[in-house]
Every structure is written in structure tokens, then in C-alpha cells.
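Hi,

Here is the structure I promised to pass on. My notes on how its pieces pack follow below.

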Amino acid sequence: MLRSLYVKDFAIVGEADIAFRPGLSVVTGETGAGKSLLVDALLLLSGGRADAGVIRSGCERAELTAEFDLATAPAARDWLAAEELDDDGACQLRRVIRAEGSSRAWINGRPVTLAQLSALAEHLIEIHGQHEHQALLDRGHQLRLLDAFGDHAAELAAVREPARRWRELGQRMAGLGGGEDNGEQLALLQRQLEELDRHALSEPQLAELNELHKRLANAGQLVGGSAGVAELVDGDSEFALRRSLARARQELARLAELDPALTATAESMESLEIQLGEVADALSRYQDSLELDPERLAEVEAQLSKLHELSRRHRLPMHELRGKAEELRAQVETLRDAGSLLATLERERTAAAAQYHEAARRLGERRAATAQRLGSEISALMGELGMAGGRFEVALEPAAKSDPDPLGAERCEFLVSANPGQKPRALRKVASGGELSRISLAIEVAALGLDDVATMVFDEVDSGIGGAVAEVVGQKLRRLGSARQALCVTHLAQVAAQGHQHFRVSKDTVDGQTFTRIAPLDDKARRDEIARMLGGIEITKETLAHARQILERAQAG
């Protein structure tokens, strides 16, 4: 429910802070005073397009703020929570339009896009009177309203579940190859797996292979180098390490006989000679093990080349190819079992489709009966609202696709003929704003309490009517206001008298500047305003008495 609306420097409004109550609020005023400015402000707070023309002349920006009570708006609460814009149950919409043409929007003090503002407003307020802002023109909303009017919740649930199941099974089948022959894919995976099993190595094996390649690739250098070292250690030269060390050990042993302090050093020298002999023996054995083997080198290089190729193909490091093999093995097993699994899923999907079609048939029958009943009720209300001979119909047609659909097998279109003899046509194509507003009012009255939008706004809903029809329109609006908050901009006294709350819009000129004032009326001021609407400029005792009678009759009704 709309609790308050604050506007500043908007059009010809300097500043206004308006508090709203439940029920029907009516807005009246002389022509040109700016009665529809409240509607315009709410349109902008609902995400409507704005330009610098809405800013009061001489000002830098216009500010608009609306606060809503969410007690009867569960969809709005859920939306705020989903968008993480909730604030302890508060709901404030704010928008600022600047003179250079830019605008910014906030929800509960946090910046948002106009798309977000519009999405939230759809759960808060319906504005009737402007084609592009009426939810009733949306075919999806029309179908929801039809289902709400007929109380099709159980039938919708029975349709929704098998449709969801059908789609879920289709996605699983697509993941297994979409139900098509997967023999070619299986053969490809098996070839890849065989190749990896043949060539992929573990990390230790890969390290060993790299070491072997390094040794084979450098065999010539290793043979020559180790031979040279062996010659230095134990060669024929008198300067070979082993011969030089033997002479040194002998001399040190002789000296130790002269001075026992050198005995430990002589023993160490003897150990060095033994170790050097072991080095010489090791070099000899290493040289015997070395051989130049070009064929083996070629084999190792071919194996490494294949591993590099597989690494590039699978876009993985060589040491991860073993893991890729296990992954492919699992896929192969899945595909081998896919045939039987696909057959099972196909049977389940066929059963889900059969369940859906039966549920959709029952829903379609309910919708057809509800469409007749809704059409009759709204047609009768149209007659009461000054469109005698007008006709309202709900046309049902098959959905664009025959696949199981959570919304059922048909879509609906609201059709209307405002005058006798005219062929009904789509509500969204009705040209007359006044007729469209009254048709929308008839729909809202017929569907009273079936949607969760708590606030409805009607702009000039009484256009082109008067007398008894105007009083009926007012009564319908008052009835609507008993279940939903309603705001109506009107120029008819019979409609204004039905309001639970009354605002008067007036225009004054101060120091050459025009200002619009929006003020709530007490009982006396309201009687005077109703009298003005009945009698024009000159208010007589008879006019005041008539105004009092209209108000008393409205309150009594």
C-alpha cells in the first residue's frame, strides 16, 4: 500500500508531501491545475522515461520519493530479498531527474537501475490510463488473472510438475548424446584412451625417461670425458693422481717414523689412496657400461615426441596425461551404458509427457469455463460503467509450441468491443484511454482481490460519462478500495464523493510564478469542493445541499 508521496520541483509543484490511507483516495481540481501530476510522479517512480521537461522552471533537479507498506505485498517482499535490497520491511522508491537530462534511482537508499525500479513497481502498483504502463495489457498477466479468477492453482501445479520433469529428462538425455547414435563418439574416446594407455607415464617414469634421453643424447661426451678423468686418476703418466698420492703416502710414512705426531696424517693419506683406487675402479666400470646406441636414442626421442604431441592435443602437461586417461575411461564406461540409460530416460520422458497432456487437458477445460464466466461478468460491468452493448471476451488459443509447458497448453487474449455491433479486438489495441480505463476498472472489480498488487491508480477513469453512470463508476471504485488501495483522478462529483480520502489540487500565482498545491480536505472543504464540481464558479445554497446529499448517499452506500 502506498503510504506517502513526496515531490519537489516537479512540473509546477514546488514541494508536496502527501500521506495516503487505505481505501479509495480521490484527486480533484480545476482543469489545468495539475491533477494528473500525482500519476505522472508515480509513473516515473515505476521506471518510466523522464526528461528535463518534468523539472520545475529555474530548478536544477526534480526529486520524487514514495514509501510503501509491504504488509499485503508478499511478491514485493520476496523480490527485495532476492535482490538484497530489503531493509526490515521498509520499501522506499526514490528518483532524481536533473536538468541536463540524467536521472538516478534508489530503492531503500541503495542505487538501482531503472529496470530494477520497474521490476519492483510491478509488484507494488498498477496504473490505469496509459497504455504502456498497464499490466492488464500484458498477455502473461491476463493468463495469470484468468487462472486466479478460476482458482486454477491445483490444476496449474498438476501441469507444472510433469512439464518440469519432462524438461529435466530431456537435459539428461542431451548430456548422454541427445538420444542419437553415440557409436562414433565412443569409438573416438576409445582410440584416445588406448593411445594414452600406451604412451602416458607417471611422474617417476617420466623423470626416468628424461634422464635416459639425456644420457643417450650425451653418450659420446660421457665416454670421452670419463676416459679423460680415468687417465688423470690412474693413467700411465707419472703425474697421475694415484701415483702421486702413493709417493706422498710413502714419504709421509717415513716422516712419521721420525715423528709419531704425523702418524694420524699418514693414516688419512692411506685412506685417500684407497678411496682414489675405488674412484678409478668405478670409472673403469662406468666406461665398460657406456656404449653409443643411436637406435635406442631414436626410440626414446620418438617416445618423448609422442608425449609432447599428446600434451598439445589434450592441452595438459605431460605428467597429467595419466589422469586424462582415467577421465576418458569413465566417459567410455558412461557411453557404453548410455544406450540402456537413454532407453530408460525416454520411457520416463514419454510418461511425463502423457501425464502433462492429461493435466493440461483438465486445466484447459477449467480455463474455457472460467473464460466464459469472466467474459460474462466483465461484460455486465461494462454496461453498468456506461458502455451499454459492450462485450468482453477471453480468447484461448494453443501455445506457440506443443512441448510440455509449465503454463499449460494455451494462452489467452482479452478481447473487447466497446460499442454494439463492433467485433471484439485485443484489449491492447483499444485506442480510447477513457474506455480502456473503464474496461480495466471492470476487470479489476470482477477480479477483486485475486492479485497481490495492493495499489491501483486510475487516471480520468470517468472520461466521457456522467449522471447515473458516473455514480456507478464511483461505487465500483469504492468497492475496489474496500479490498485494495485505489487512487483516482476525477472531474466528476459523483465519483469524488465515493472516496474515503479526498485531495484537492489548486494552482496559484505568486510573484509571477505558478505553484500547484495538493491538500487533503476535511468534511467542510470536501463538501465545498463537491459543490464546486457540481455548480462551477458560483456556489449556491442549493448546490451545497446537493453536494451534501451526494456525500451522505455515498457514505451510506
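Which residue in strand 4 does Leu2 stand opposite? That would be Phe68. Before the rest: this is a predicted model, with local features needing pLDDT of at least 70 and side-chain atom pairs pLDDT 80 or more, while totals for chains, interfaces and linings use all residues. Residues are numbered from 1 along each chain as its sequence is written, and side-chain values use heavy atoms, without hydrogens and water.

The sheet: strand 1 (residues 2-10) and strand 4 (residues 61-68) run antiparallel, joined by six bridges. (Strands are DSSP E runs of at least two residues, helices H or I runs of at least four, numbered from the N terminus; strands pair if DSSP finds at least two bridges between them.) They belong to an open sheet of six strands, ordered 2-1-4-5-6-7 with antiparallel pairing. Strand 2 (13-19) and strand 7 (110-112) are at the edges with a single partner strand each, so one side of each has no neighbour in the sheet.

The helices: the axes of helix 8 (residues 219-234) and helix 10 (residues 263-289) come within 10 Å and cross at roughly 155°. (Axes are lines fitted to C-alpha atoms, for helices over the stretch in contact; angles run from 0 to 180 degrees between N-to-C directions.) That makes helix 8 roughly antiparallel to helix 10 (angles over 145 degrees). Contacts, meaning heavy atoms within 4.5 Å, include Leu222 and Ala230 of helix 8 and Leu276 and Tyr286 of helix 10.

Cheers

Key. Angles under 35 degrees count as roughly parallel, over 145 as roughly antiparallel, 65 to 115 as roughly perpendicular and the rest as oblique.
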